[in-house]
Each structure stands twice: as structure tokens, then as C-alpha cells.
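Hi,

Here is the structure I said I would pass on. Have a look at it first, and then read my notes below.

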Amino acid sequence: MTAPVVEVANLTKEFTVKSSHGLRVIRRTVHAVSDVSLTVPSGKTVGLVGESGSGKTTVGRCILRLIEPTAGSVKFQGTELVGLPAKDLRKLRRSMQIVFQDPYASLDPKMTIGASIAEPLQIQKVEGNHQDRVAELLELVGLAPDHARRFPHEFSGGQRQRVGVARALALNPSFIVLDEPVSALDVSIQAGVVNLLQDLQEQLGLSYLFIAHDLSVVRHISDSVAVMYLGKVVEVGPAEELYSASAHPYTRALLSAVPQADPIVERERQRIMLQGEVPSPINPPSGCRFRTRCPMAQEICSVEEPALIDRGQGHPVACHFAEAVAVTLGSNVSA
Amino acid sequence: MSTESALSIRDLRVTFKTLLGNVQAVRGVSLDVQPGEVLGVVGESGSGKSVSFLAVMGLLGRNAVIEGSAKVGDTELVGANQRTLRKVRGNNVAMIFQDPLSALNPVHRVGAQVAEMVLAHHHGMSKDDAAKRAVELLDIVGIPQPEQRARQYAHEFSGGMRQRVMIAMAIANDPKVLIADEPTTALDVTVQAQILEVIDRIRKEMGTAVVLITHDLGVVARMADRVQVMYAGRVVERADVHSLFHQSDHPYTRGLLASQPTLGRERLSPIPGAPPNMLQPPSGCAFRVRCAHAAPECAGDVPELIQVRRTETACVRAQELEALV
């Protein structure tokens, strides 16, 4: 196995929120990410899925240190990023980039897209002809070199996302965080961007952290998948195995909730209906954070937090009853 | 159609007057929804799926020119005056939207807002009775401890609970038709599953006709009895849900289905290009500029829906293409 590009260990991020009650100001802690460890192998795609508030975006941003982790370690090609001086971090940033969900919000409406794509080259003081590089990048993402003179509003959503990808590629990174890169796009357009990302990975040997709430896209693009719930990773495994034989009740419920584009499947499948909604990360439940919605919860779940344990199949699960999940909740229903 | 339709739309056209010209958002849509059935309306952004129903409800701005007919029972909604519309809205036809927070008033208690809906169409009812009915309605849509919750404000509700409140308001007067415009798009999948179940239960128990507008083919596959696919302001295909997903004859519908990630396929098949600019939609079939099967005849007349195999399809080449499937 090749050396991992990114190694995250025990990553924790807590935010302080203030709320005023009359003259009293109350400070509370939001436990956005708690003790998350994951590895992105070289040239591979790791999918990170979870519902809103699960902390998946925060993990992505902590890895790039766009926000400072509260605790834990993030290693990029062996170099510890947490605590790294700004000067050294800036150098490493050439190699790690991000693509955001909303390409309209992340492109300056007053800059030509050529200028937007060239901006990282200027910031990093890259030598050579920036215009040529922009033309090359545009072709790489399936746009025409003369598009460089146009403005973001002249592009469709799919084209704008291609511009976002071109900008992320400008500095020849080895690792890209893709934060919901296709969620804002219509399905017929989505497919083209997903294909592009896969082609680029193959051509350029990129490693991806693919963050999304759409489980079917994640399955399609990822080599392995980590599932997050309320700031914790509850299950990690090879994509196909996770979808066909998940061993965490939350993963099961999540997969069974995704409607599939087939009326026969939809009408026959058994769903695990979860009660209620995700609790607040300000005051997460004791023990297992999923227990308040879990159909299998027992007394121990509120007392003891289940560790993320690999039971020998390269597929770690954080559940006291991981072995019993398949029996209790029936055979898997995948998205 | 057997029984009388709950909602019947004929040749609906919506044009927006803008500084750049006339945007032809809806270009001749006809449909019927039967009591107790779910009609799925699918299409991508800008296909006219939402605008059609906002027009029916009289919820568009003054720059919208609406033509055609939309009838609920004997009442014509297109061109109706505000008084008629107010009588019909919430009473015969109700609508829920993607974002329930912006549809709820932040400074009024949730229960009072539901009660207001009840009173709007029951002028003789006492306030106490309306408040009681509001609690009942919150209970019907599955809000736990409805008495306490009725006294809370919208910000104290989660996204899923807010959407339940919207549904409670929508069904307050037992409407014949419930129009749900992307009701679960802003919600997480586990919460989406809960809301879809509430809508399904209401349809079954109250016999409400449901129009479910969504871009999510999975949601349609799960919920709809019949489906119509919209593209560039027209209905391009219509069928019962099974035929549409398994025996579609329209290249656009097939393209949409093929662009979905499915198990064991290495590459996805996007539809090339982007939807047309509705200031100047292409002549003939609007999809022809993106269609792999486009031929010269596609630029001629705008294709009408015709029965091909199991679906009604608006494609002049559908008969020939059938052989290619």
C-alpha cells in the first residue's frame, strides 16, 4: 500500500457560541467534530457522508486548516499541519485545494474567470506564462480557452463548477477536498462533473476527500466511505462493502431512507424509520450519540461510548451491537 | 378519466415580461389530478414545474401573464379575482413549499398560525374551537406533545417539524388538492422519509389529490402514481410511474434516468449541454439541441403528447426510436 496523503488522528473541533439572556451572556460549546480519525490513501477517493450538522464540512476545513482544529493531528504527506507556522503552511497549500458547493458564490462576479483561475498562481508567485496555464486548465476541465475572458454570470451551473475545479487544479495539487461539489447541480449536469472528477483523478493521480450528503453519488465515486453522525465517525469501510453490508444501525437507516429511482424497488423495500431529528451538538447525548434515535439502543448505549473497532474485516464500526445489526435489522438495503 | 378531476389544467401558459424580453416559462401545460392520487411533476431547474402551479394559485407577480385554464371543481382560477382566489386557496387547494421557515411568521405562536388558517375558512367558529382544531391538526401531522408545541414559535422547531406545521396548515380545511413544491429538498434524508410518510398518510386517509413537484427521481419513484416530466415549459412525457421508469420513450426522460448513479456502472452518462434560454426557446422540440436523436423534422412543429408504448410522449421520432431502445 502506498503512503497515505492525509492522515487525520483524533481531530476535534469545538466552537464557542454566545447567547445573551438579558444582561447575562452564556457561553456554550458546540461539539462539531469529536475525535475523528481517517486516512486518505494516495490516488484514492474517500467519501465522507452524513446529515446536516454531522461535522463533515468541518472535518474538510480542519484538514486544510481553513479553520483551526481544537485538538488532534492532521498530517499531509507526513508533515504535521496542526501548529505549522503560516509561512510553511502557505507553501503546502499549493498541494492541497478545495472545491466548494456553490460555484457562483465562490467566484468573484467582477473578475473574468481567467483572472479567477490565475489568482492562485499570483498568490503563490508561480513563474511562467499564466495565460497559457489558464488556457491549459480550461481545456483540462472541458471548457474552451477563449472562455477565460468571460464572467461567471455567462456560464451555466455545471460550467461554473468546472471553473471551480480548474482553479483548484491551478497549482498542481495532490489532494483536493470536494465539499458537496455537485449538490447544487441538476442531475443531468451532475453526471458530467462527476465524470470529469474521475478523469482528472486518473490523469493527474489526485487524492480526494469527497464530502456529500448524496449517498448514491458518494458510492459511485469513492473507494472507501466514512459515515459521520453528530461529530463522530460511526463506520468506515470499502465503498461497496459499506453499502452492501453496513454494520451500524445509523448507516443502515440512512441507506434505507434514500429513495431510489426505481418504483418497483421503492415499493417493496423495507425502511428503517428513524424517529425525531439529529440532536443538538451543544449537548450531545451521553454514551453513543446515536442512541436517542437508534432502534437497537440498550442501557449500555447511554453509559458507555462505543469505540470505532475493526472486527477484522477492515471495516471499523462504532456500535456495541455491530455483530447483531444484520440479524436485527434484516439484510441490507442499499442506496 | 373516470371520476371528476380534483384539479384540471388546460393549455396553461405563463410569460414573464422582463427588461430583456418575454420569458416563456410555461408553454402549454395540460393535466388532470384525480382525488387520492399522487401526480409527480419532475424536471430540472427552469423547466416550469413550480411556475405552473404558482400561476394556478395566483401567487405570481404582476409581470406574469397567465393564459389557459385551471379548474378546481367548477371554479376557474386563471383570471379569477382576489376574492375567488382567497376562497379557493387553503380551502380547495393548498400549497406547501421547500422552505417552511420563510413561510411561517416568526413572531406568532405556531398554534395561532394554524388556527388562523382554520378561521380563514370557518368564519363562524370560535377562537377556542379553532385553537383546539389547531392542536388536533398538529397531532395529525405527527408533532409530539401538540398542546405544548402549539404555544411555541417557529424558531423552536427543527426543519422537519416546521414542514409538518406547514402541512398542518395546508390540510386545515381538508383541501381537495395539495400541491407540494419540493417539500423535502431542504431536509436530511432520514427526515425526508418521515415527511413523505406524512404526505402519503394524508392522501390515503383524507383522499387528497397530491401534486408532488420535485427534481428527485427517487422521491417520485417512491411516492407517485403517475408522473409527468417537464422540459422547457412543456410536458414531454407522461405515464404511470412504472411505465415511466421502465418503458420511457422520450430521449429526455431516458437521459435523466441514465444520468443517475447506479450500481456497477463505471461512467455516468450526462445529458450534453444545458437547458435553453426561455427568452428564445428553440423552435420545434426544445430538447432537440441536446438530443442525440435529433433530426431535421424536430425543428418543425412543437411535438404534442401522443401515446407510444406505455407512455404519452412528446417526440416526433418516438415511434422510430422505440426500435432502438
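What follows is a short tour, from the contact between the chains to some pairs inside them.

One thing to keep in mind: this is a predicted model.

**Where the chains meet**

Let's start with chain B against chain A. The contact draws on 41 residues of chain B and 36 residues of chain A. Together the two chains bury about 3200 Å², with 56% of that on carbon and sulfur atoms. Between chain B and chain A there are 18 residue pairs in polar contact, both partners being at pLDDT 80 or more. On the chain B side, the elements that give two or more residues are α7 (159-170), α8 (189-206), α9 (217-223) and α10 (241-246). By type, the residues on that side split into 19 nonpolar, 14 polar and 8 charged.

How many salt bridges are there between chain B and chain A? The count is 1, and you can find it at R267(B) and D199(A), where the closest N and O atoms are 2.7 Å apart.

**A covered helix in chain A**

Next, turn to helix α9 of chain A, residues 249-257. This helix is mostly covered, with 9 of its 9 residues buried; among them are Y250(A), R252(A) and L254(A). What covers them? The cover includes α7 (215-221), β9 (224-229), β10 (232-238), α8 (239-244) and α12 (322-329) of chain A, together with α8 of chain B.

**Aromatic pairs**

Over all chains, the structure holds 7 aromatic pairs. Take F76(A) and F175(A): their ring centres are 6.4 Å apart and their planes sit at 45 degrees, so this pair is tilted. F76(A) is in strand β4 and F175(A) in strand β7 of chain A, 99 residues apart, so to speak a link between distant parts of the chain. Both F76(A) and F175(A) are buried.

Y229(A) and F290(A) make an edge-to-face pair, because their planes are at 80 degrees, with the centres 5.0 Å apart. Y229(A) comes from strand β9 and F290(A) from the loop between α10 (263-268) and α11 (299-303) of chain A, so the pair ties together parts 61 residues apart in sequence. Y229(A) is buried at 2% relative accessible area, and F290(A) is buried at 1%. With Y250(A), these two form one aromatic cluster; Y250(A) is one of the buried residues of the covered helix α9(A).

**Salt bridges**

The structure has 22 salt bridges over all chains. In chain A, R133(A) and E136(A) form one, with the closest N and O atoms 2.6 Å apart. These residues are 3 apart in helix α4 (residues 130-140), which means about one helical turn separates them. R133(A) counts as buried at 17%, whereas E136(A) is partly exposed at 48%.

In chain B, E312(B) and R238(B) form a salt bridge at 3.5 Å between the closest N and O atoms. E312(B) lies in strand β12 and R238(B) in strand β10, so the pair ties together parts 74 residues apart in sequence. Here E312(B) is partly exposed at 26%, while R238(B) is buried at 13%.

**One last residue**

Is I213(B) buried or exposed? This residue of strand β8 (residues 209-214) of chain B is buried, with a relative accessible area of 0%. Its contacts beyond four places in sequence include V41(B), F53(B), I179(B) and P183(B).

Cheers

Technical notes
Residues numbered from 1 in each chain as written. Chains lettered and ligands numbered in written order. Predicted model: local features only at pLDDT ≥ 70, side-chain atom pairs only at ≥ 80, totals over all residues. Heavy atoms only, no water. Contact = heavy atoms within 4.5 Å. Buried area = accessible area lost by both parts, 1.4 Å probe. Salt bridge = Lys/Arg side-chain N within 4 Å of Asp/Glu carboxyl O. Polar contact = N/O pair within 3.5 Å; in protein donor to acceptor, adjacent residues only side chain to side chain. Helix = DSSP H or I, 4+ residues; strand = E, 2+ residues; numbered from the N terminus. Nonpolar A, V, L, I, M, F, W, Y, C, P; charged D, E, K, R; others polar. Buried < 20%, exposed > 50% of the residue type's maximum accessible area, 1.4 Å probe, protein only. Phe/Tyr/Trp six-rings, centres within 6.5 Å; stacked < 30°, edge-to-face > 60°.
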